[in-house]
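User: I would like to go through this model and ask what stands behind each label. Please set the values against the definitions as we go.

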Amino acid sequence: MQDPDPEIDYAAVFRDLPGMVALLSPELVYLDANEDFQRLSGRKREELVGRYIFDVFPENPKDPAAAGMRETRESMLRAMTTGERDTMALLRYDIEDPPLSGRWVEHFWSPVNAPVRGPDGEVMLIVHRVEEVTEFVRGFGGQSDDSRARVLEAELYTRARELQQVNERLRTAHAREREVALALQAAMLPPPRPVGHHRAAVRYRPAVGALNVCGDWYDLVDLPDGGMAVAVGDVVGHGLPAACAMGQLRSALSAACRVADGPGSALEALGLYSRFVEGAESATAVTTFIDWDDHTITYSCAGHPPPALLDPDGTVTFLDQATDPPLGAQPEHVGREETSVPFAVGATLVLYTDGLIERRTEDIDRGLARLADSLARHRHAEPESLADALLADLLPVEGNTDDTALIVLRL
């Protein structure tokens with residue numbers, strides 16, 4: 001990408017931008033304001049910079065209908081915490097003119113708050129852009145003293161306020177469902193525990209700022225013959241329905257692994273069961289049976305990204321030779337394939353869900369290549385450190401858009 005032209009005076013560009021634009025810190029303190037912002041707000045730059053926005057522009061205490069401080073603050077905080085632009089509905093927010101005069105002037109605004117990230121991915125600035133639409137609202141439908149215009153003005157403002165209130169209720173419900181779903185997910189996933197003398201690490205990372213969470217799971221199961229089954233899976237969907245389906249599938253696969261003669265038959269049983277679980281359609285899963293005596297891994301995959309086997313020398317092999325369609329995706333019941341591979345003492349087995357490697361704008365092979373590169377670079381790390389390194393290397397800086405489950409097991 002071409003570097004910005006060093007001859008461009010970006011400070012001058014900012015000052016002369018058309019429309020009202022201000023820069024605020026994450027604490028909502030003014031850092032700068034362009035000339036239109038100063039002119040239309042009636043505040044000089046020295047009256048703005050270094051001051052908290054709502055100390056400069058408090059609410060009109062004489063007219064509750066003009067209240068807009070809470071909505072404006074919440075919009076700015078959403079932009080800061082989600083890292084996404086937040087466009088507000090039409091807002092009436094009166095301004096005291098001049099300051100401390102007690103004379104409040106009616107204003108209508110159309111604000112947009114946009115985050116600016118620093119090199120570390122954290123939000124370092126909020127761009128507060130405002131369109132002054134007072135004259136448009138007053139003149140909508142005719143002259144400002146026309147009774148019909150005033151009725152239309154009131155109707156427009158009322159509808160905009162109602163829309164904003166509905167959006168706020170939806171955001172509150174969204175956040176509440178996300179919180180409940182995450183709590184349910186955490187309760188159903190097994191906590192980290194010792195796996196004999198073998199070192200293991202597990203991670204679960206929910207999607208950032210979205211309900212696209214709670215469909216991923218992981219499990220480690222001690223087998224009756226002394227071996228171990230390691231599995232991950234992913235339910236299509238999100239929120240509470242996905243968390244409920246996930247819990248049922250994880251428990252069913254855990255039980256199936258303890259009685260099945262191999263991972264293929266365990267996934268076969270899970271596929272049959274999934275047809276009777278609401279929300280389990282086209283879920284994916286992979287399970288591996290580890291034989292410590294023979295130093296072999298037997299695996300079977302139902303539409304899931306392949307496990308990775310990291311040899312001590314840094315070689316990465318993807319276990320992709322026993323892959324079938326997702327659970328319940330075929331109209332008729334068929335058996336599941338399985339195959340075995342040897343492993344060296346000190347190798348590392350990594351199972352994960354697609355949130356770790358997939359990006360909407362690229363082929364999955366690029367994600368697998370990133371995973372292989374990260375594993376090779378961190379091959380000497382212990383499982384806990386390796387799990388953290390993989391998440392740091394592979395999840396987007398701005399936050400993952402899909403939840404991610406991960407198991408790292410030293411063999």
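User: Why does leucine 28 count as buried?

Analyst: Leucine 28 has 4% relative accessibility. Buried means under 20% relative accessible area, exposed means over 50%, and partly exposed lies in between (1.4 Å probe, protein chains only). At 4%, leucine 28 therefore counts as buried. This is a predicted model, in which local features need pLDDT of at least 70, side-chain atom pairs count only at pLDDT 80 or more, and totals for chains, interfaces and linings use all residues. Residues are numbered from 1 along each chain as its sequence is written, and side-chain values use heavy atoms, with hydrogens and water left out.

User: Where is leucine 28 found, and what is its phi?

Analyst: Leucine 28 is in the loop between β1 (20-24) and β2 (30-33). Its phi is near 65 degrees, which is positive in a residue other than glycine. The element names are DSSP runs numbered from the N terminus: helices are H or I with at least four residues, strands are E with at least two. On that basis the protein has eleven helices and 19 strands.

User: What makes serine 282 partly exposed?

Analyst: The relative accessible area of serine 282 is 35%. That value lies between 20% and 50%, so the residue is partly exposed. Serine 282 lies in the loop between α9 and β12, and its phi, near 65 degrees, is a positive value in a residue other than glycine. In the protein, buried residues make up 46% of the 411 residues.

User: Which residues of α9 are buried, and why are they said to line one face of the helix?

Analyst: Pro263, Gly264, Ala266, Leu267, Leu270, Gly271 and Ser274 are buried in α9. Seen down the helix axis, they fall within an arc of 160 degrees, so they line one face. The arc is that of the directions from the helix axis to the C-beta atoms. An α-helix has 3.6 residues a turn, so residues three or four places apart point the same way.

User: What makes threonine 72 buried, and which residues is it in contact with?

Analyst: Threonine 72 has a relative accessible area of 5%, under the limit for buried. Contact means heavy atoms within 4.5 Å. Neighbours within four places in sequence aside, threonine 72 is in contact with Phe54, Met88, Leu91, Tyr93 and Asn113. Threonine 72 belongs to helix α5 (69-82). The buried residues of α5 are Glu71, Thr72, Ser75, Met76, Arg78 and Ala79; down the axis they fall within an arc of 155 degrees, so they too line one face of the helix.

User: What makes the peptide bond from aspartate 97 to proline 98 cis?

Analyst: Omega of this bond is near -10 degrees. Proline 98 lies in the loop between β5 (95-96) and β6 (104-105).

User: What makes β9 and β15 edge strands?

Analyst: Five strands form an open sheet in the order β9-β19-β18-β14-β15, with antiparallel pairing. The strands β9 (200-205) and β15 (316-318) each pair on one side only, and are the edges. Two strands pair if DSSP finds at least two bridges between them. Three bridges join β14 (308-310) to β15, so this pair meets the definition. Leucine 310 stands opposite valine 316 in β15.

User: Which residues touch the most other members of the largest nonpolar core?

Analyst: A nonpolar core is a set of buried Ala, Val, Leu, Ile, Met, Phe, Trp, Tyr and Cys residues joined through side-chain atoms within 4.5 Å. The largest has 25 residues, and Val230, Ile290, Ile297 and Leu411 touch the most other members. Elements giving two or more residues to this core include β9, β18 and β19. A second, separate core of 23 residues includes Ala229, Ala245, Cys257 and Ala283.
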